[in-house]
Structure formats: structure tokens, C-alpha cells
Amino acid sequence: MSQPVAVLTGATGSLGTALTRRLLGRGYRIGATYLVPSEAEDYEKRFPYREDLLVVRRVNAVDRLEIGGFMESIASRFGRIDCVAALVGGWAGGRDVVDTDDMRFDRMIDLNLRSAFCTVRAAIPHLEAAGAGRILLVGSRAAVDTPPGQAAFNIAKAGVVALAKTAALELEEADITVNVILPSVIDTPATRATLPFSDYVKWPTPDEIAAVAEYILAGESAVMSGAAVPVYGKA
């Protein structure tokens with residue numbers, strides 16, 4: 001088989017960067033999306049700019065035409081798509097249900113749930129064309145523990161878990177697996193800045209979580225689908 005092809009949306013964040021490094025090391029060709037230009041600059045400095053291996057494009061994952069067009073372009077360039085990781089997401093806390101305004105709620109739904117839904121929907125025809133495939137989504141521990149004070153985020157991430165389980169059953173006969181990882185707190189500079197007095201040693205690193213993501217996206221995970229996998233570290 002020729003080099004497998006992965007599409008990573010939201011690839012330029014900490015988790016996406018770690019996962020890109022791992023997949024390139026396994027011989028994958030990658031289509032990567034970003035939305036924040038400064039992240040893209042850092043990302044492209046980390047990896048050799050070779051469009052025969054890595055294609056980086058600005059894509060709004062909640063726009064059906066943009067994400068669909070990107071999938072088409074990657075499938076056309078590399079001949080297939082074998083796996084997809086929907087890594088777009090974001091957090092906003094500080095509000096209970098009664099205090100959550102429409103703008104905050106819509107933003108959390110768009111960033112976390114709608115982006116995942118649009119990515120999965122756009123990916124399915126290409127994975128079916130390849131004869132099999134792997135899809136990875138990113139939920140959160142908050143989807144199952146639902147801590148107070150971040151209602152919109154909790155609800156959006158719970159929807160991501162439901163999406164993974166629903167799609168896993170729908171795609172079972174097509175040999176397309178769909179799984180979701182549930183991070184707690186990821187040890188990144190941004191998270192440390194947000195939670196400056198926390199015990200960082202308990203937090204899983206982006207690379208530790210990327211190792212789990214790599215396994216899910218690789219062929220070895222073919223018997224696992226519909227799983228919600230905790231990646232909490234000791235947090």
C-alpha cells in the first residue's frame with residue numbers, strides 16, 4: 001500500500017502539532033488545516049514544507065463548502081484519504097446554564113460540535129471510497145463529569161461523544177471506525193497561563209495524548225469503534 005493519508009483539522013494547535021510529528025514519522029502524508037495565522041507560522045517552521053508530504057491550508061471547519069473543498073483537494077492530490085482527526089475546539093467557562101448567553105453558547109457549539117460534525121460529514125465519502133478508514137474526535141472529560149460553571153462547553157463536548165457513537169454504528173459495515181478521546185487538562189503554555197497555580201506534573205502532555213490518537217488512527221485499532229477513551233493523566 002502507498003503512504004497512508006491523514007487529514008487533521010485544527011492541526012496547528014499543541015495536540016495537532018504533536019500528532020503531525022508522530023504521523024509524519026510513520027510515513028503518513030497529511031492535509032492540515034488552521035484558522036489562526038500565527039499558529040500556522042509556528043507549525044510550518046516545525047515541519048519541512050513539502051507539499052508531497054504536508055499540505056497546510058486555512059479552512060473554517062464549520063463552513064460546509066470550505067471543509068468539503070479541502071477534503072476534495074487532499075483526496076485529489078494524494079489519491080485517497082485513510083483517516084481523519086477533527087481537532088478543532090475551544091473552551092469557555094465561567095457560566096452556569098442560566099447565565100449562558102446565546103453568543104457564548106453558539107460559539108462553543110460551533111467550535112466543538114459543529115466543526116466535528118462538518119468534518120465527519122465531509123470525510124465519510126472519501127473514507128468509503130478508500131474502502132475503510134479511521135475517524136478520531138476530541139471530546140473532553142467535561143462531557144462525562146460535567147463540572148459546573150462551563151455549561152456551554154460541557155454540552156458541546158457531550159454532543160461530540162454522541163456524534164462519535166452515532167457515526168460508529170452507522171459506518172460499521174463500511175469498515176470505518178469512529179472513536180473519541182476525552183482529555184482532562186492538557187499541559188500547554190496556554191493552559192498553564194490560565195491555571196497558574198495548578199500541579200502541572202499531573203497533566204498529560206500533548207505528545208502523550210497524541211500517542212493515543214496515533215494508535216486510534218493507525219490500522220492496529222481496527223477492532224475498536226464507538227469508544228470514548230479517557231486521557232486524563234493524573235489530573
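Author: A helix here is a DSSP run of H or I with at least four residues, and a strand is a run of E with at least two, numbered from the N terminus. This is a predicted model, where local features need pLDDT of at least 70, side-chain atom pairs count only at pLDDT 80 or more, and totals for chains, interfaces and linings use all residues. Residues are numbered from 1 along each chain as its sequence is written, and side-chain values use heavy atoms, leaving out hydrogens and water.

Reader: What span should helix α3 have?

Author: The expected span of a helix is 1.5 Å times one less than its number of residues. For the 15 residues of α3 (residues 64–78) that gives 21 Å, and the end C-alpha atoms are 21 Å apart, which agrees.

Reader: Which residues of α3 are buried?

Author: Buried means under 20% relative accessible area, exposed over 50%, and partly exposed in between, with a 1.4 Å probe and protein chains only. In α3 the buried residues are Ile67, Gly68, Phe70, Met71, Ile74, Ala75 and Phe78. Seen down the axis of α3, they fall within an arc of 160° (taken from the directions from the helix axis to the C-beta atoms), so they line one face of the helix. On the other side of α3, Leu65 and Ser76 are exposed.

Reader: How many residues of β2 are buried?

Author: Six of its six residues are buried. Arg29, Gly31 and Thr33 lie on one side of β2, with Ile30, Ala32 and Tyr34 on the other.

Reader: How many bridges join β1 to β2?

Author: Two strands pair if DSSP finds at least two bridges between them. Four bridges join β1 to β2, and these strands run parallel.
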